[in-house]
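Biologist: I would like to learn how to read a predicted model step by step, beginning with the place where two chains meet. Could you guide me through it?

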Amino acid sequence: MAVAINGLSLGAIYALIALGYTMVYGIAKMLNFAHGDVIMVGAYIIYTMCMFTWNIGSMPIWLSSLISFVVAMAVCTCLGIVIEKVAYKPLRGASPLAALITAIGVSYLLQGIAQLIWGADQRTISILDRLGTVNLGSYVIKWSAIITVVVGAIIMVCLVMFIKKTRTGRAMLAVSEDKGAAQMMGVNVNAIVSITFAIGSGLATFASMFYLPITSVSPTLGAMPGIKAFAAAVIGGIGSIPGAMLGGVLLGVVEVVCNSISAVASYTTAIEFALLIIILLVRPIGLLGKKRRIKV
Amino acid sequence: MAETMTKKSRFQNGKWKNYISYAVILAFLIILIVINLTKGLGFSDKSTLPRIAFSCMLAVSLNLVVGFLGELSLGHAGFMCVGAYLGCYTANVLRGAGGMPELLVIVISMLVAGIVAAIFGFIIGLPALRLKGDYLAIATLAFGEIVRCIFKNLPFFGGAMGMSTKLYDGNTLFIIAFVTLLFVVFCCQNLINSKHGRAVVAIRDNEIAAKAMGINVTYYKLLIFMVAAFFAGMAGVLYGATIGTIRQETFSYNYSIEILVMVVLGGMGSINGSLIAAAVITWLNITLQSQLSGALAPVKSIVYALILIVIVIFSNAPAMKGFRESINPRNWKRKGPDDAGKIKNDAAQWDRIPTKIHMDDPLSVDTRTTYADSPVPPDVVVKNRDEFYVKPEKPADGKEEK
């Protein structure tokens, strides 16, 4: 039971990050390697703002946490848009490999800047941890895990509704289907791409909030979850939103289950990536990828 | 036309480019040996030089996959990891047996490492036959991480602490490294210029067309993956001999990406470009690392990242195309005669451009009789076209370019 909840919560985090990858891939047809580092920046902003507001004092902790989360979200969203405008927009129409290399450059840049500002040492902060644990029968479960699962599910439902129901969401679908045709139908492609990056980065902030109870904050925080979420997006079929969710949850559950079995615990990473390769071999377009797949 | 082609020497065919890399590497090596014998290279130079050499090897071998085969691979460090662990393990075993000269030990361990890495290349090459583009990239990346994770947990390879091997003598290691590099460049260039290489390039350009022409796509993809892995494995042994302790953290996907960056910045499908880019980037990395220490250490990655972003945007952005062409030396040279082929915007010159259709004649046909009174006889048009063009002035600076 505890394993299941923890797996689902880790899976929700991976799914949130994977959504950022898959949406950007659907719209801009590029692998945004800098996505993991946006999570890292979000975590640092939350950390800094929490430290700042706690020092002021006389503010309830939930309020200061909320303020820092909102600030982090605003910063990350702006960061996502700025990265897109400065680094990726000039390369639209060039080879995808060029955009991939710039994304790697942006990733290094963000890591370097974070290390310059906050230093290389690891810091820990407890926000969601403070909620403690809950006893369900004989199982002890962290509140943070439950919140992650619930909030993650709500966000994903909201995202699907947003894409299906709103004009902007449908415009995103249109752009991912055919950029040229969407433009001719009066869709502002530049604005849509920016919005996609903004949403992806916003989701990344949620991921960094939920990731904080699991890990400590360091400049390379985003690297491993970033790459695993990327794997999750590919497992689910890159470009497909339900696929990213499925892939994320699958990978999260596999990771937690493997970690709980002591015989294979140290091979967890290998097992996860082997799963990726096997799924790609059996179904080269991912689990939910289709020939004419719905992608954003 | 065919006659002139056969008469051309290798230099006129552009094959001189192949020899330039050999000549430069050899000259570089000889200069270094002379410096080392007379003044003695510094300790840091002795570890920098082999690093440059194995970076070049990695870049050239990855270029085979990315530039010539056209498949994106993000797992090159994984092959290097396999080579480093297996090769240095072999070297340790051979040294333990004793009685073997060091040179022989390193050659044998490089061969073993290369062969084992090539087997892994075969294994990862198999999925490569089913996957395309980004999917293959993530599969190779996953392979690299799997290899790392496995080596981290195998006890006889030192586990998480890393495996230690004997540091090779600094005075001769760089010579071995550069000779190996020469061997790698020689193999790659001959492979690419052979029948096999042309088949590989054909697969890159159009796989279906290549298949239709009877090229065995499976065979060539596996071949290139295995050759690239073989050289990466050899580079791994040189890495072990330079650094002394092999840690699996080194071979993370960041390292694969760094090699990919060398290939892309040097120019995909250009071996000389890979050599230059690998040497410059490695040197830059090491220099920045040693110059910037303590709190300024992250400046290295910032500088590195900025250079990367600026170069890629400059050389790839569609908006910069005009600017790129205006500063490209090849275009200065070409401006003269080539411009004659273009239709002038200048209306005053239009009547001087010979056309076979004469708009004034109601039923003009391309025959001598029809053109009897035309200002430009058709025969002359074909034979001496250039006479009828206004040749533009050649730019002064373009003439100086070779």
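Modeller: Gladly, and please keep in mind that this is a predicted model. To read an interface, we begin with the residues on each side: 37 residues of chain A are in contact with 34 residues of chain B.

Biologist: Which elements give two or more residues to the side of chain A that touches chain B?

Modeller: They are α4 (96-118), α9 (223-236) and α11 (268-282) of chain A, and α4(A) provides the largest share, with 14 residues.

Biologist: How should I think about nonpolar residues in general?

Modeller: In soluble globular proteins, nonpolar side chains tend to be buried together. In this model, the largest nonpolar core has 204 residues, and those with the most contacts inside it are Ala15(A), Ala231(A), Ala53(B) and Met57(B). The element that gives the most to this core is helix α10 (residues 217-243) of chain B, with 17 residues.

Biologist: Let us return to the helix, please: how do I read one, and why is α10(B) described as largely enclosed by the rest of the structure?

Modeller: The general idea is that an α-helix has 3.6 residues a turn, so residues three or four places apart point the same way. As for α10(B), 22 of its 27 residues are buried, so this helix is largely enclosed by the rest of the structure. Its span from first C-alpha to last is 39 Å, close to the 39 Å expected at 1.5 Å a residue. The helix is followed by Gly244(B), whose phi is positive, near 100 degrees.

Biologist: Where does Thr165(B) lie, and does it count as buried or exposed?

Modeller: Thr165(B) lies in the loop between β1 (163-164) and α7 (170-192) of chain B. A residue counts as buried if 20 or more other C-beta atoms lie within 10 Å of its own; Thr165(B) has 25 such neighbours, and therefore it counts as buried. Leaving aside neighbours within four places in sequence, its contacts include Cys88(B), Asn92(B) and the glycine Gly244(B).

Biologist: How do I read a pair of strands?

Modeller: In a regular strand the side chains alternate between the two faces of the sheet. In chain A, strand β1 (residues 133-136) and strand β2 (residues 139-142) pair in the antiparallel sense over 4 bridges, and Asn135(A) has Val140(A) as its bridge partner in β2(A). The two strands form a hairpin with 2 residues between them, and Gly137(A) in the turn has a positive phi of about 65 degrees.

Biologist: Finally, what can be said about each chain as a whole?

Modeller: Chain A has 11 helices and 2 strands, whereas chain B has 17 helices and 2 strands. Of the 296 residues of chain A, 53% count as buried, and for chain B the share is 38% of 402 residues. The radius of gyration of chain A is 19 Å, which agrees with the value near 19 Å that a compact globule of 296 residues would have.

Terms used
Residues numbered from 1 in each chain as written. Chains lettered and ligands numbered in written order. Predicted model: local features only at pLDDT ≥ 70, side-chain atom pairs only at ≥ 80, totals over all residues. Rg over C-alpha atoms; globule rule 2.2 N^0.38 Å. Buried ≥ 20, exposed ≤ 12 C-beta atoms within 10 Å, placed from the backbone. Pairing = 2+ DSSP bridges. Contact = placed C-beta atoms within 7 Å. Core = buried A, V, L, I, M, F, W, Y, C linked by C-beta atoms within 7 Å. Expected span 1.5 Å × (residues − 1).
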